[in-house]
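The sequence and structure come before the details.

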Amino acid sequence: MQRRPLIAGNWKMYLTQDEAVALAKAVAQSAAACADRDVMIAPAFTSLAAVCTAVQETGVLVGAQNIAWEKEGAFTGEISAPMLKDIGVSVAIIGHSERRHVFGEDSAMINRRLHGALNGAILPILCIGETLSEREAGKTFSVLEAQIRHGLAGVDTEQMQQVVIAYEPVWAIGTGKTATKEQAQEVHAFIRQLLESIFEKNVATAVRILYGGSVKPENIDELMAQPDIDGALVGGAALKAESFDRIIQFQ
Ligand code: PEP
């Protein structure tokens, strides 16, 4: 099964609007040289509209770093799927480890956000990952299984075709410590098997599973060579045009 690779940049709480637009234009140039893969960038909310305009008709996807579950209402600080769609956003990162661990978002909330995205025709990237202490205690697979089962609760087979999973070991995010290609492949294969047991084989075979956690120009090729790694969710190295360009151009 040929899965279309997805290279996604999470810009977190960095870049002013002008800086974001300049970087988005550079990313669009990099992406233009690679028609066989998807490229997504997720700026801070303040730059979303300007970045959508900057990459219009280039094929580069723009993502939000979070999404509300309701369409509108008294939800201070939140932004909904119709609002994001209105300005050209088509993807949302959901359940990022910083949302889970810094802001205390739990599985029930993450599941609601995922449904908010699916109901609003926004492609969700559901992030999952174990902490270092969970890994050292031998709990990696049970933690990931719980995050997947809770995160995807109520999602049907058809909807699952619109979901991307990102495996991001918490101990590898922003630490410079990458999972080895063997560690990442082992987990990605586990996730695919689990999805097969929850949904159907053809859904599990088609779903894109990204790796995230200190992805950089030096390790992207070996990660992408793994059979169950279909792309990358990149933080720090997505903030520099040169390093993200090399990641987009993975071989
Ligand atoms: C991330 O923010 O999802 C991430 C993986 O960050 P970094 O690449 O900096 O580890």
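A residue is called buried under 20% relative accessible area, exposed over 50%, and partly exposed in between, with a 1.4 Å probe and protein chains only as cover. The model is predicted: local features need pLDDT of at least 70, side-chain atom pairs count only at pLDDT 80 or more, and totals for chains, interfaces and linings use all residues. Residues are numbered from 1 along each chain as its sequence is written, and side-chain values use heavy atoms, without hydrogens and water.

Around the ligand there are 14 residues (a heavy atom within 4 Å); the closest are Lys12, Glu168, Gly174, Ser214 and Gly235. By class, this shell has four nonpolar, eight polar and two charged residues; Ala, Val, Leu, Ile, Met, Phe, Trp, Tyr, Cys and Pro count as nonpolar, Asp, Glu, Lys and Arg as charged, and the others, Gly among them, as polar.

| Residue | Protein atom | Distance to a ligand oxygen |
|---|---|---|
| Glu168 | polar side-chain atom | 2.6 Å |
| Ser214 | backbone N or O atom | 2.8 Å |
| Gly236 | polar backbone atom | 2.9 Å |

Taken alone, the ligand exposes 290 Å², and the protein buries 96% of that (Shrake-Rupley method, 1.4 Å probe).

Ser214 also has a positive phi, near 55 degrees, and is not a glycine. Ser214 sits in the loop between β7 (208-212) and α11 (220-224), where helices are DSSP runs of H or I with at least four residues and strands runs of E with at least two, numbered from the N terminus. With a relative accessible area of 15%, Ser214 is buried.

Ala121, likewise not a glycine, has a positive phi of about 55 degrees. Ala121 lies in the loop between α5 (107-119) and β5 (123-128). Its relative accessibility is 52%, so Ala121 counts as exposed.

Methods:
Polar contact = N/O pair within 3.5 Å; in protein donor to acceptor, adjacent residues only side chain to side chain.
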